Amino acid sequence: AAYADLESLTELKEVARAVGRLNKLLPHRQFMLIGPGRWGSRGDIKLGVGVTYADINNTAALLEVAWMHGNYAPELSFGTHFFQDLVEADIRYLPLYPDEPGVVFNRGFFTDTPSLLTELLPEYEHLDRVVRVVDVANTTGGRVLKLLLNADLGEAVAMLAAPSGAAGPSPISDFHVKERSEDHWRWRLLMAEKLAESLDAERFGVQALYLIGSAKNATAGPASDLDLIVHFRGDDGRRERLELWLDGWSRSLAEVNYLRTGYRTDHLLDVHFVTDDDVREKSSFAAKIGAVTDPARPLPLGRVSTDS
């Protein structure tokens with residue numbers, strides 16, 4: 001807001017120079033740059049700070065903020081000015097729309113905490129209301145700011161947490177492993193195979209178990225269900241016990257998936273029961289068993305049911 005209030009072209013350019021100086025002074029890859037509109041604006045620098053890549057290349061993350069002005073929100077660059085450089089330097093990028101529903105922005109943290117700009121760059125003291133430098137650890141008693149990004153879901157959260165290795169519970173981010181997209185379906189396939197292997201098919205009246213959906217087709221993402229078809233032969237008591245057993249697996253897998261990806265869900269399994277009649281008539285989900293296109297994948301069972 002203070003940047004938008006600047007009227008002098010000289011002052012607007014001074015903001016870019018101040019950012020460039022901070023980029024060289026602050027610890028390499030241990031600070032985040034948050035700016036209004038488009039970083040690196042080439043035309044109207046009222047749309048964003050007119051920096052070059054050399055002015056931002058030491059940051060860990062580059063954020064562009066679009067506040068609503070009436071019914072209008074500034075169009076962000078989405079890092080296009082520096083896209084290739086950001087990718088090669090492993091600098092994270094995040095667009096931020098504080099006024100949108102579901103977006104939580106703690107504006108007070110940035111405006112109410114002391115700024116170190118004058119201490120670091122006394123020659124830019126006159127820009128103190130525009131450019132703010134927050135020492136997170138000093139302000140929060142030793143905590144650090146962690147930025148967690150999930151590109152598959154298009155979601156992000158920045159939170160204050162104890163540094164890794166500090167006493168006390170580890171932040172959940174310490175459990176996260178940087179995964180490739182293919183890891184989501186591979187892990188789900190492995191879990192489906194483990195589930196089938198541990199299933200006591202004779203006890204529960206299971207004739208066969210099949211995998212369908214995104215895990216079978218290698219398209220699963222972090223939020224994908226694990227879809228199973230159960231060919232069931234048994235009475236209501238067996239089915240109730242089987243459903244409880246599968247529910248335990250579903251909740252456990254959901255928790256593991258949360259630790260891997262940060263995506264929270266109560267259940268991961270989506271189970272479809274089919275009977276002998278369904279299989280014979282190829283009705284319901286049984287139509288996928290032995291289908292010509294997109295057939296269900298059989299999963300080897302631990303103990304095969306002998307019910308007739």
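The model is predicted, so local features need pLDDT of at least 70 and side-chain atom pairs count only at pLDDT 80 or more, while totals for chains, interfaces and linings use all residues. Residues are numbered from 1 along each chain as its sequence is written, and side-chain values use heavy atoms, with hydrogens and water left out.

Five aromatic pairs turn up in a search of the whole structure; rings of Phe, Tyr and Trp (its six-membered ring) pair if their centres lie within 6.5 Å. One of them joins Phe109 and Phe110: with centres 5.4 Å apart and planes at 85 degrees, the pair is edge-to-face (over 60 degrees; under 30 is stacked and the rest tilted). Phe109 is buried at 15% relative accessible area, whereas Phe110, at 28%, is partly exposed (buried means under 20%, exposed over 50%, partly exposed in between, with a 1.4 Å probe and protein chains only). Ring pairs also bring in Phe105, making a cluster of Phe105, Phe109 and Phe110.

Phe204 and Trp245 form a tilted pair, with centres 5.8 Å apart and planes at 45 degrees. Phe204 belongs to helix H8 (residues 201–204) and Trp245 to helix H9 (residues 236–261), so the pair ties together parts 41 residues apart in sequence; helices are DSSP runs of H or I, at least four residues, numbered from the N terminus. Phe204 is buried at 2%, and Trp245 is partly exposed at 22%.

The charged end of Arg239 sits over the ring of Phe273, 4.0 Å from its centre (NZ of Lys or CZ of Arg within 6 Å of the ring centre and within 35 degrees of the ring normal). Arg264 lies over the face of Tyr258, 3.8 Å from the ring centre.

Note on methods:
Helix = DSSP H or I, 4+ residues; strand = E, 2+ residues; numbered from the N terminus.
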